[in-house]
Amino acid sequence: MQNAIQIVFPNTKHRWCLWHILKKLPEKFGYHVDKGSIFTTIHSLVYDCQFVEDFKNGWRVMVERFHLYENEWLAGLYENRECWVPCYLKITFWVGMSTTQCSESMHAFFDGYVHSKTTSKQFVEQYEQTLRNKVDKEFQAGFKSFSQMVPCASRYGIEKQFQAVYTISKFKEAQEEFTGKMYCDLVSVSEGLSGATYEVREDVINDEHSKKKSFFVSFQRDKCEITCSCHNFEFRGIICKHMIAVLVRNDVKSIPERYILRRWRRDVSRAHTRLSMNYDGLISMPGQLKYDKMCQRFATLADLTAEDEAKFDAIIDWIDS
């Protein structure tokens, strides 16, 4: 499958399911006398390493410590580490999708409509009902984003900037980072030719357990360019609490548009909402009908001009002008 994906979708990043990999640990190391320590070490390397070199060095130490040189399964994982280890993947935009979210979202999509004993005929009927309800929910969510506004959790101008443009669900995600800032402390800063690097120490609290973890934020004040070693923005498209802490320290009142993703904005006209609908009770709006008609005309135009270089160039120039 991996080879097929690379051929058909050469610009697509293929990711392995981390959950399934870690689930196999008891099966692969159940015989080992140090299996508990191996599990803990692998989990620590996977979830705590922010930098590639830290992961590589930690993996080498683990292999030497537990004498795992002959373990082919582990060697195969390391050889393909760029497909499953978070510190390799977080520099790519994944819209925040977790490794199990695909199956979870599919289950949620059909939840309440189909079950293990659903027949093929019932599935087709329920599929129509599912789509109809999903379209209706999207319209309701869109209306809610325009008619309601979630109050800010702070008085920072940056949070108000997100509040003004993001959909409700995405603003709530961004807001979690603003509230999470209270667990962050700036412990050091070093100035360099390309800007300043801040060490931000966060109290990571899970249930009753907590630990301190350091993140490193690079900030160029003149360009207002900022990156964090957690790569939350690159991975999810939401600026992280560590970046917010540095921005606040530097008295930044608003951030450049490049940190406000267009896909999260409430005022974006999403292409799929232009499609005409045939579900009972839902009538296509005039704009959707016009969009559908234009798509048909442009498809015909594409068929007529695709093989003619001069006509093709003329049409493209007209569209771009």
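In this presentation, a residue is called buried when its relative accessible area is under 20%, exposed when it is over 50%, and partly exposed in between, using a 1.4 Å probe and protein chains only. By that cut-off E202 counts as buried, because its relative accessible area is 9%.

Two remarks on the source are in order. The model is predicted: local features need pLDDT of at least 70, side-chain atom pairs count only at pLDDT 80 or more, and totals for chains, interfaces and linings use all residues. Residues are numbered from 1 along each chain as its sequence is written, and side-chain values use heavy atoms, with hydrogens and water left out.

Let me stay with E202. Its place is in strand β2; helices (H or I, at least four residues) and strands (E, at least two) are DSSP runs numbered from the N terminus. Contact here means heavy atoms within 4.5 Å. Leaving aside neighbours within four places in sequence, E202 is in contact with Y183, C184, K211, K212, K213, F215, K241 and H242.

K241 is found in helix α13, residues 241-249, and is buried, with a relative accessible area of 16%.

I turn to the record. UniProt, in an unreviewed entry, places the feature "domain: SWIM-type" at residues 215-251; such annotations may be inferred rather than shown by experiment. Over residues 215-251 the chain is 38% helix and 27% strand, with the end C-alpha atoms 20 Å apart.

Next, the interior. A nonpolar core is a set of buried Ala, Val, Leu, Ile, Met, Phe, Trp, Tyr and Cys residues joined through side-chain atoms within 4.5 Å. The largest has 34 residues, and F162, Y166, I239, M243 and I255 have the most contacts inside it. Elements giving two or more residues to this core are α10 (157-165), α11 (168-180), β2, β3, β4 (225-228) and α13. Another core, of 22 residues, lies apart from it and includes I42, L74, W84 and V85.

Returning to Y166, and leaving aside its neighbours within four places in sequence, its contacts include F171, G237, I238, Y259 and W264.
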